[in-house]
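Here's a friendly walk through one structure, meant for someone meeting it for the first time. Have a look at it below, then read on.

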Amino acid sequence: MTPQTEADLAGIIKGADGPLRIEGGGTRPIGALSNGAKLSTAALSGITLYEPGALTIVAQAGTPVAEVEAALEAEGQRLAFEPMDHRGLLGTEGTPTIGGVVAANVSGPRRIQTGACRDFLLGVRFVDGRGEIVKNGGRVMKNVTGYDLVKLMAGSYGTLGVLTEVALKVLPKPRATGLLRLEGLSDAQAVAALSRALGSPFEVTGAAHLQRGPGGAPVTMIRLEGFENSVAYRARELGSLLADYGAFTLETDPDRTAADWRHVRDVGPFQDREGDVWRLSVKPTDAPGVVADLPGAEAFYDWGGGLIWLLAPEGTGLTARRIRGAVARRGGHAMLIRGDRTQGVFPPLPAPVAALQDGLRRRFDPRQILNPGLMARGEPV
Amino acid sequence: MDMPAPRPEIMAQKAELIKRLQRVLSADAVISDPSETRAYECDALTAYKCPPLAVVLPATTQEVSQALRICHEMGVPVVPRGSGTSLAGGALPTADSVILGVARLNAVLETDYDNRFIRVQTGRTNLSVTGAVEEQGFFYAPDPSSQLACAIAGNIAMNSGGAHCLKYGVTTNNLMGVTMVLMDGTVIELGGAHLEAEGYDLLGLVCGSEGQLGVVTEATLRILRKPEGARPVLVGFDNNEVAGACVSDIIKAGVLPVAIEFMDRPCIRATEDFAKAGYPDCEALLIIEVEGSEAEIDEQLALIEEIARRHNPVELRQSRSAEESAAIWLGRKSAFGAMGQINDYMCLDGTIPVSQLPHVLKRIGEMSREFGLDVANVFHAGDGNMHPLILFDANKPGDLELCEAFGAEILKLCVEVGGCLTGEHGVGIEKRDLMAHQYAPADLEAQMAVKDVFDPKWLLNPAKVFPLAASDARRAA
């Protein structure tokens with residue numbers, strides 16, 4: 001089913017007599033169910049309002065991310081949270097949509113400095129599981145009028161309602177970019193170096209470490225953005241701040257730096273590799289210890305260590321239980337991004353929090369028809 | 001502004017309630033003498049007052065849990081209170097409610113500079129969070145004007161902002177985790193030192209829920225390294241419209257100042273008399289601040305000045321010293337106090353799309369003449385968060401009501417042009433009955449469904465946020 005309007009969508013949900021599988025561009029099948037009638041937001045497409053002077057864009061949920069990005073590019077602006085494109089990692093076709101990005105709160109490397117998708121989401125319209133059209137938030141940056149259902153909808157994977165329209169804050173594109181790079185650090189050294197960089201006043205907008213860089217050696221990456229002089233100045237200052245780790249080199253070619261960060265954003269290191277791929281959210285300085293507790297795993301780090309991308313090759317015995325255990329010992333959680341979903345995609349929740357989540361779900365979708373197999377309930381733990 | 005009548009069956013249980021609370025809290029943490037509960041009869045919205053049934057001041061999360069469990073069992077409403085600085089009546093009690101103050105929960109629990117967070121108890125004041133980390137060169141970004149007094153608990157309840165959120169965001173963007181006690185006494189943890197929510201973003205839902213979903217006792221807050229320097233520039237214009245256009249052009253040009261503040265003539269005059277900040281005599285004044293090293297500041301301000309010059313400013317002046325910068329900000333931060341010296345005033349908090357600034361300012365001027373009440377405007381122009389101050393005489397019968405009616409019209413205008421009723425102060429009781437102007441019944445129903453889940457008996461801060469008529473059936477249940 002591909003409703004043409006929000007009202008059509010509301011009618012379909014109201015009249016539904018079984019589970020619905022909500023789909024944006026269909027690029028993340030790991031989140032999809034095998035059963036249930038497909039309900040696509042593809043026809044709810046188009047930018048409804050864009051005010052560059054107010055740093056605001058409003059688009060229907062099915063609008064391709066590429067269309068949003070092209071409109072912003074024309075005004076020298078961008079989605080600062082840098083959403084990942086899942087197609088390379090998951091081997092899927094389709095077109096990522098802005099609604100899909102919001103539904104999964106998809107955020108890339110710049111999240112460490114500027115915030116996640118949810119931090120840029122100003123307003124939503126959605127149809128809940130009863131077929132009611134609901135709006136929350138708006139299109140202004142500061143809004144504390146009533147409860148923040150905007151945040152609740154970001155990352156709820158279509159289980160509380162089907163997004164029809166999203167309003168996002170955007171930011172100007174910087175005039176220049178610099179990528180500081182150093183080879184040869186251990187995981188622990190790299191995370192320590194990235195912590196020091198992120199704790200500096202130089203507004204680092206990317207902080208990653210690849211156990212195996214393009215040339216095979218480990219690579220630590222730090223991104224700076226801003227005016228040209230400013231990037232040059234900050235690169236010099238950071239170079240001396242981190243001198244005891246070695247001599248960082250500076251790359252300023254915009255295409256090359258963009259490609260390198262896209263590699264991190266889209267999980268390039270694991271795209272052509274076999275095995276399950278996990279996304280671990282931890283306290284940055286805990287990250288090397290978590291990875292060390294999982295022998296056989298390969299990892300790379302984003303967000304200064306706060307995000308671990310983990311490859312668990314077959315035969316290493318790295319089960320969901322072991323991976324979740326290594327994270328839980330220190331605080332944080334793990335989500336399966338690619339692999340056998342019978343082991344559970346989403347992290348299990350403590351009982352009182354699970355009860356709240358379940359309660360919300362029953363209120364927003366009493367018949368439990370929206371993506372019923374997603375997010376904890378019905379999932380194997 | 002109506003509040004629900006106190007329920008006699010709850011009032012009648014006072015002695016039993018106090019006895020039970022005293023069993024779990026220390027003797028001085030339960031206040032029931034009417035001469036002492038009076039201190040908690042209102043917050044900063046002083047036009048409305050009502051002493052509570054009792055006040056409890058727990059010192060630990062465990063004590064909060066025990067106190068809430070007792071109130072839950074006895075069906076007694078609870079009004080959580082930080083420092084009582086709410087301008088919206090968020091901490092206003094009813095006669096049958098218990099005020100739960102978090103003032104004694106004021107410890108710093110953990111500071112972690114490598115991972116850039118601080119964990120505090122939520123009775124701690126906003127400014128003292130920065131105070132705990134500034135020796136290491138760090139700060140906590142949200143900076144509401146009341147930051148000397150306001151508590152982190154209240155900041156989380158109202159999702160407070162400040163002058164610098166154009167760059168750093170508001171509370172919700174700087175809050176990483178909470179320990180929260182639900183009305184039935186259950187203690188839950190949401191988020192923490194890691195970045196992403198597991199499951200639904202309940203942390204985002206709790207932030208800004210005005211103390212209606214739970215009592216937050218501990219918070220993990222993001223701390224940032226202080227910039228190398230900051231410098232403001234003053235730009236004066238001979239009309240509001242041009243000032244508004246200048247703001248929009250600066251943002252479009254790709255410079256992102258840390259703050260863009262706007263004051264109109266009545267506000268400039270009052271502030272100048274009060275703080276002697278050296279503001280020019282003009283119709284509209286922008287204070288634009290940028291951050292970085294000296295050279296970086298020079299480069300950004302040069303670009304801002306170039307844009308401003310295209311709009312023929314009557315004054316364009318960079319601060320030349322730390323003292324001058326401090327004076328410029330002192331003027332802005334004391335604007336409310338300065339207005340208070342010359343008049344009673346009501347401070348509004350609507351947000352509008354930046355593009356609507358000139359139109360809204362013009363309409364406010366027209367309405368000011370219609371209502372016969374003066375208005376001074378001071379606001380965060382970069383993000384469209386307006387703070388019109390309506391001047392009135394509290395001793396003149398009918399003036400407060402006239403002022404409230406005028407305020408309501410301004411807020412409706414904010415909604416009409418695509419904005420909202422409140423940008424950072426919260427709904428409380430003040431804007432409760434205007435909610436239907438911004439939200440349709442289904443929108444409000446979805447929000448109230450959230451409260452049903454967290455607080456099924458509607459005992460936490462019950463008569464706030466939602467129009468009384470809309471929440472009536474739930475509160476009575």
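## Helix α10 of chain B and its partners

In this predicted model, let's begin with two helices of chain B: α10, covering residues 240-252, and α15, covering residues 357-371, have axes that come within 8 Å and cross at roughly 155 degrees. An angle over 145 degrees counts as roughly antiparallel, so α10(B) is roughly antiparallel to α15(B). The crossing is right-handed as α10(B) passes α15(B).

Who touches whom here? On the α10(B) side you'll find B:Asn240, B:Glu241, B:Gly244 and B:Val247, and they meet B:Leu357, B:Pro358 and B:Leu361 of α15(B). Sorted by class, this contact has four nonpolar, two polar and one charged residues.

Now for another neighbour of α10(B). The axes of α10(B) and α12(B) come within 9 Å, with a crossing angle of roughly 140 degrees. That makes α10(B) oblique to α12(B). This crossing, too, is right-handed. The residues that meet are B:Cys246, B:Asp249 and B:Ile250 from α10(B) and B:Ile304, B:Ile307 and B:Ala308 from α12(B). By class, that contact has five nonpolar, no polar and one charged residues.

Here are the two pairings in brief:

| Helix pair | Axes come within | Crossing angle |
|---|---|---|
| α10(B) and α15(B) | 8 Å | roughly 155 degrees |
| α10(B) and α12(B) | 9 Å | roughly 140 degrees |

## Where the chains meet

How many residues of chain B are in contact with chain A? There are 74 of them, and they touch 68 residues of chain A. Several helices of chain B each supply at least two residues to this side, including α10 and α12 as well as α8 (171-174) and α9 (202-206). Which helix gives the most to it? That's α18(B), with nine residues. Taken by class, the side of chain B that touches chain A divides into 31 nonpolar, 28 polar and 15 charged residues.

## A helix with a glycine after it

Helix α4 of chain B runs over residues 61-74, so to speak a stretch of 14 residues, and reaches 20 Å from its first C-alpha to its last, close to the 20 Å expected at 1.5 Å a residue. Its buried residues are B:Glu63, B:Val64, B:Ser65, B:Gln66, B:Ala67, B:Leu68, B:Ile70 and B:Cys71. Just after the helix comes B:Gly75, with a positive phi of about 70 degrees.

## Loop residues worth a look

Most residues other than glycine have a negative phi. A:Leu55 has a positive phi near 55 degrees, and B:Lys276 has one near 50 degrees.

Where do they sit? A:Leu55 is in the loop between β3 (47-51) and β4 (56-60) of chain A, while B:Lys276 is in the loop between α11 (265-275) and β14 (284-291) of chain B. Are they buried or exposed? A:Leu55 counts as buried because it has 24 C-beta neighbours inside 10 Å. B:Lys276 is exposed, since 11 other C-beta atoms lie within 10 Å.

A:Pro214 lies between β11 (206-210) and β12 (219-226) of chain A, and A:Pro214 is exposed because it has 11 other C-beta atoms within 10 Å. From A:Pro214 to A:Ala16 is 198 residues in sequence and 50 Å in space, C-alpha to C-alpha.

Notes: Residues are numbered from 1 along each chain as its sequence is written. Chains are lettered from A and ligands numbered from 1 in the order in which they are written. This is a predicted model: local features need pLDDT of at least 70, side-chain atom pairs count only at pLDDT 80 or more; totals for chains, interfaces and linings use all residues. Helices (H or I, at least four residues) and strands (E, at least two) are DSSP runs, numbered from the N terminus. The expected span of a helix is 1.5 Å times one less than its number of residues. A residue is buried if 20 or more other C-beta atoms lie within 10 Å of its own, exposed if 12 or fewer, and partly exposed in between; C-beta atoms are placed from the backbone. Axes are lines fitted to C-alpha atoms, for helices over the stretch in contact, and angles run from 0 to 180 degrees between N-to-C directions. Angles under 35 degrees count as roughly parallel, over 145 as roughly antiparallel, 65 to 115 as roughly perpendicular and the rest as oblique. A crossing is left-handed if the near helix is turned anticlockwise from the far one by less than a right angle, and right-handed if clockwise. Two residues are in contact if their C-beta atoms, placed from the backbone, lie within 7 Å. Ala, Val, Leu, Ile, Met, Phe, Trp, Tyr, Cys and Pro count as nonpolar, Asp, Glu, Lys and Arg as charged, and the others, Gly among them, as polar.
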